[in-house]
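Here are a few exercises to work through with the model open beside you. Try each task before reading its solution.

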Amino acid sequence: MPVDVRLPTVLRSQAGGQASVPVDGNTIGDVLRTLVGEHPGLKGQVLTNDGALHKFVNVYVNDDDVRYLQSLDTPVKDGDEISILPAVAGGMGATAEG
Amino acid sequence: MPVYDSVLDLIGNTPMVDASALSPNPDVRILVKLEGRNPGGSVKDRIAISLVEAAERDGLLVAGKPDQVLIEPSSGNTGIGLAMVCRLKGYHLKVVLPSNVSIERRQLLEVWGAEIIESPGSEGSNGAVRLCRALAAENPEWVFLYQYANMANPQAHYEHTGPEIWADCPEITHFVAGLGTSGTLMGVGRFLKEQNPDVQLWAIEPPSGEMVDGLRNLEDGYIPPIFIECHGEELLDRKTVVRPKESIEWTRRLADIGLFVGISSGAIMAGAVRCAEQIPPGEKATIVTIECDDGWKYLSTGAWTEDIDEVVERAKRIIYF
């Protein structure tokens, strides 16, 4: 079953302008590798050349940062919401406790 | 009660209150440490005094010398804490403030005489950091404390907030706090893990909203240097996003038990409740959370009294975390 992967504005141009892309996979690693395979412009932006998660992006499954779950081995199931976001101060852009 | 020599001596030693009435799990206690009780009204008073005194020790600032200028990016509370400290110590403070913070945050900065330099609201806190770094580079005579990279920030929490929590609640199993500069989580987290490596650290973030849309490339994103230096990725056990609606709902729920807190504290409480829900039945746990500030600075948002959907839309446009 494909899951929807939400992309940040900064990456959409590499994916045909889409805000959200349906991708198949049983783990976050599967999903991201398939995503990069289908949209080669994302190569080096989401995953490093070694296949690790790029340090400037955070990937969330249902609002949980996958780095603190099982990283690329985090399982994905039907209906999960996956978001890729740039890493920014204060978690996310608009806001910082500062 | 002792009589204190200075308002600055009132920073820290904040009380904790039991908020377990809101826990979804009868085996899980939730305690809230009330940082709004600090004299400048937020947890950031702790780092304000720590940053300034570290700069004085390092000779960057000289007590009593006239015409010394500090500059700092802040979406509010750090600026307010620094403004209070600088007023008392006679330093001139310039705060680079995103234009979309609540009006009360701006007013409080003015109370203590800080000069406000606006950064574009659309760029959020990242924009304030960027502008401040540029201004500091152009004016090397100004002292730039840089809360995102200054280890006196987590050190304040390692030396004070963490030990206070441990002294009041050695049975703590989980610590849940907001992630901004990462100072609270890095400092308290490291201290607590040294006492008991089993303590779990949960970081709560607000969602990005539209603000990350302003980024031209991923390298414009920003990981606080403190987070990197403290090995935040290894230290934290969980990082989760709490959305504005849930944040405001829990801000209201906290008022039901008498706690009048800022919206970020509602977000953190929502995170604590999620944490409590994940603890298996029958397993006893004690979650400690941080109330970052009281509700006063958010009255203009209508967070407690107006239609929640309208408040949520408003909250998406301002910086509340």
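This is a predicted model: local features need pLDDT of at least 70, side-chain atom pairs count only at pLDDT 80 or more; totals for chains, interfaces and linings use all residues.

Residues are numbered from 1 along each chain as its sequence is written, while chains are lettered from A and ligands numbered from 1 in the order in which they are written.

**Exercise 1.** Find the buried and the exposed residues of helix H3 (residues 103-111) of chain B.

Step 1. Helices (H or I, at least four residues) and strands (E, at least two) are DSSP runs, numbered from the N terminus. A residue is buried if 20 or more other C-beta atoms lie within 10 Å of its own, exposed if 12 or fewer, and partly exposed in between, with C-beta atoms placed from the backbone.

Step 2. In H3(B), the buried residues are B:Arg105, B:Leu108 and B:Leu109. They lie on the same side of H3(B) because they cover an arc of only 105 degrees around the axis (the arc is that of the directions from the helix axis to the C-beta atoms).

Step 3. Now turn to the other side of H3(B): B:Ile103, B:Gln107, B:Glu110 and B:Val111 are exposed there.

**Exercise 2.** Describe how helix H9 (residues 244-256) and helix H11 (residues 308-317) of chain B cross.

Step 1. Their axes come within 9 Å and cross at roughly 120 degrees. Axes are lines fitted to C-alpha atoms, for helices over the stretch in contact, and angles run from 0 to 180 degrees between N-to-C directions.

Step 2. From H9(B), B:Pro244, B:Lys245 and B:Ile248 make the contact, and from H11(B), B:Ile308, B:Val311, B:Val312, B:Ala315 and B:Lys316 do (two residues are in contact if their C-beta atoms, placed from the backbone, lie within 7 Å).

**Exercise 3.** Summarise chain A by its elements and burial.

Step 1. Chain A has 2 helices and 5 strands, running β-α-β-α-β-β-β from the N terminus on.

Step 2. Of its 98 residues, 40% count as buried.
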